[in-house]
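Hi there,

Here is the structure I promised to pass on.

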Amino acid sequence: MDLLEQIDRSKLPQHVAFIMDGNGRWAKKRGQIRLFGHNNGVKAVKEILNAAGNLGIKYVTVYAFSTENWSRPADEVSGIMNLLSRAIDDEIESMMKNGIRVSIIGEMERLPQKLREKVSNVIEMTKNNDKLDFVVALSYSGRWDIVEATKKIARDCADGKISPDDINSDLISKYLSTANIPDPELMIRTSGESRISNFLLYQLAYSELYFTDVLWPDFNKEELYKALISYQNRERRFGKTSEQVKK
Ligand code: IPE
Ligand code: IPE
Ligand code: MG
């Protein structure tokens with residue numbers, strides 16, 4: 001049976017998050033520079049957005065560049081920034097056509113001015129699209145997100161807008177950069193690494209994690225279907241017993 005037919009459309013995650021890893025190794029295997037891998041990674045993003053949209057998945061988050069990635073060699077960093085600028089130019093039309101709304105989570109202030117303008121522009125242009133929310137984690141880290149949320153909560157407490165007793169896990173969620181986005185039910189990481197690398201630390205608390213050896217530029221819709229099938233075969237217990245969940 002083909003993979004797509006094995007997916008139960010009534011049990012799809014609303015939100016799938018991706019750590020797109022392995023671009024460098026993919027390029028190295030081909031005797032190419034790392035940027036060649038990043039370039040090919042963009043194609044995989046397009047395919048995944050298409051496939052997710054067709055399935056009716058509402059939110060796709062991708063980890064495009066981490067806070068820690070700023071410490072890579074300067075030419076790789078600037079190459080990635082240029083690539084992102086170009087990808088926005090190349091893809092804006094198809095995002096409009098496909099009803100994709102773009103948002104960014106991360107430290108926008110650290111991005112080069114030109115890219116920041118393009119990013120603001122694509123967010124503004126796509127803001128009324130409503131088929132799929134495409135969230136790009138750019139200059140993002142989970143600890144940064146939690147630190148920023150904590151500062152805002154502390155300020156609102158000091159200003160008397162909220163009281164310390166109002167702080168609970170829902171309130172914290174609302175102060176994070178993902179305020180209006182449901183937590184991902186599924187997080188996929190490519191390239192064989194089994195770690196979170198400072199991605200959505202708070203939001204992944206109960207996500208199903210799926211790790212595959214496939215390198216990101218080779219990740220395609222079939223690989224997504226495999227991850228979704230694996231997700232659908234798991235029992236999400238949220239602390240309860242299996243018997244309780246089956247009721
Ligand atoms: C992921 O691929 C892309 C970014 C982190 C920007 P890598 O560049 O980390 O590729 P590997 O892990 O070195 O193969
Ligand atoms: C995580 O990949 C960040 C992104 C995919 C953007 P890395 O390649 O930077 O992660 P580590 O350093 O190997 O954990
Ligand atoms: Mg990597």
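Which side chain meets Lys246 in a salt bridge? The partner is Glu235, with N and O 3.4 Å apart. (A salt bridge here is a side-chain nitrogen of Lys or Arg within 4 Å of a carboxyl oxygen of Asp or Glu.) This pair links distant parts of the chain, as Lys246 sits in helix α8 and Glu235 in the loop between α7 and α8, eleven residues apart. Lys246 is exposed, at 64% relative accessible area, while Glu235 is partly exposed, at 28%. (Buried means under 20% relative accessible area, exposed over 50%, and partly exposed in between, using a 1.4 Å probe and protein chains only.)

Before you read on, please keep in mind that this is a predicted model: local features need pLDDT of at least 70 and side-chain atom pairs count only at pLDDT 80 or more, while totals for chains, interfaces and linings use all residues. Residues are numbered from 1 along each chain as its sequence is written, chains are lettered from A and ligands numbered from 1 in the order in which they are written, and side-chain values use heavy atoms, with hydrogens and water left out.

More on the salt bridges

The rule above gives a count of 19 salt bridges. One of them joins the side chains of Glu208 and Arg234, at 3.2 Å from N to O. Glu208 belongs to strand β6 (residues 208–211) and Arg234 to the loop between α7 and α8 (242–246), so this bridge ties together parts that are 26 residues apart in sequence. Helices (H or I, at least four residues) and strands (E, at least two) are DSSP runs, numbered from the N terminus. Glu208 counts as buried at 15% relative accessibility, whereas Arg234 is partly exposed at 28%.

Lys226 and Glu223 form another bridge, their closest N and O atoms being 3.1 Å apart. Both lie in helix α7, three residues apart, which is about one turn of the helix. Lys226 is partly exposed, with 37% relative accessible area, and Glu223 is buried, with 13%. There is also a network of salt bridges that links Asp21, Arg25, Arg189, Glu193 and Arg195.

How the helices pack

The axes of helix α2 (residues 34–55) and helix α7 (residues 221–232) come within 9 Å and cross at roughly 50°. That makes α2 oblique to α7. (Axes are lines fitted to C-alpha atoms, for helices over the stretch in contact, and angles run from 0 to 180 degrees between N-to-C directions. Angles under 35 degrees count as roughly parallel, over 145 as roughly antiparallel, 65 to 115 as roughly perpendicular and the rest as oblique.) In α2, Glu47, Ile48, Ala51, Ala52 and Leu55 meet Lys221, Glu222, Leu224, Tyr225 and Leu228 of α7, where contact means heavy atoms within 4.5 Å.

Helix α3 (residues 74–97) and helix α4 (residues 113–125) have axes that come within 10 Å and cross at roughly 15°. That makes α3 roughly parallel to α4. Among the α3 residues in this contact are Met81, Leu84 and Ile88, and the α4 side includes Leu115, Val119 and Val122.

Happy to go through any of this with you.

Best wishes
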